[in-house]
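Please look over the structure shown below with its sequence beside it.

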Amino acid sequence: MQQGKQGVMVIPQQNQNPIEQFQARFKELESGFKGWLAKQSLPVEAAVVTLTSGAQGAAIGAFMGTLTNDVSSSLPTPPPQAGLNPQAMASFKQAQALAGGPLIQARNFAVMTGVNAGISCVMKRLRGKEDVQSSMVAAFGSGALFSLVSGMGGPNQAANAATSGLFFALVQGGLFKLGQKFSQPPTEDIYYSKTRSMLSNLGLQNYEKNFKKGLLSDNTLPLLNDSALRDVKIPPGPRLLILDHIQRDPEIKGRR
């Protein structure tokens, strides 16, 4: 703390963490970019989202390709006179597509992420929401195009593209539902919030399961009596404390 020329105390500014400065700046740019993108037409937004997501996927794929050290180089291409049947040749191409080096993996990941993001963007604009159906449609498109671009289609490219798209759609649909299940609180907890708070204040939180077993939700608190609490196997002492609390709580009494 320093004193200025006119006797005013000046508090020196503390040096902000460079990492925090970078994060704040990045969030500011990201927010501005999303705001600009939301004002664009559907074709422009879809194109930008596809290109940016594809670029991110390409970077990830290139990095993963360097880790595999281009395993595909150890898979010699069979000569034409080898006489492999179409199914065997398709299996060989699939192995090459999955074990490619940085450039091949960058292409594969760019297609998967770019197409998926682009279709998701279009579906969200058209349907006004992002749900499991939109997610599965986007995954089907990315899986089908990945099959065609990567050379995994085999002799019957159309059928294999449809099969790959269906597999991608089922996997992403399952992951979407699983994410929803773990990201949302159980529905029943909404109806026991006041009950949980009351039991916690009384030190009786162990009896929350008794309330749920008897379906004694928040709406039943003003109606509770000794008989109802006895039916859910709550001992006499806790029953007295609960009933006394209900009698003293003006909010609960006002709902009678």
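The largest pocket is lined by E45, V49, A117, S120, C121, K124, R125, E130, S134, S135, Q172 and F176. A pocket here is an open set of points on a 1 Å grid over the protein atoms alone, where a 1.4 Å probe fits and protein lies on both sides within 12 Å along at least five of seven lines, and lining residues have an atom within 4 Å of a point. About 360 Å³ of space lies in this pocket, and α4 gives the most to its lining, with five residues.

This is a predicted model, in which local features need pLDDT of at least 70 and side-chain atom pairs count only at pLDDT 80 or more, while totals for chains, interfaces and linings use all residues. Residues are numbered from 1 along each chain as its sequence is written, and side-chain values use heavy atoms, with hydrogens and water left out.

| Group in α11 | Residues |
|---|---|
| Buried | P238, R239, I242 and I246 |
| Exposed, on the other side | P236, L240 and R248 |

Seen down the axis of α11, the buried residues fall within an arc of 105° , so they line one face of the helix; the arc is that of the directions from the helix axis to the C-beta atoms.

The largest nonpolar core has 13 residues, and among those with the most contacts inside it are F211 and I242. Such a core is a set of buried Ala, Val, Leu, Ile, Met, Phe, Trp, Tyr and Cys residues joined through side-chain atoms within 4.5 Å.

Methods: Buried means under 20% relative accessible area, exposed over 50%, partly exposed in between (1.4 Å probe, protein chains only). Helices (H or I, at least four residues) and strands (E, at least two) are DSSP runs, numbered from the N terminus. Grid points are joined across faces, edges and corners, and a volume is the space filled by probe spheres set on the points.
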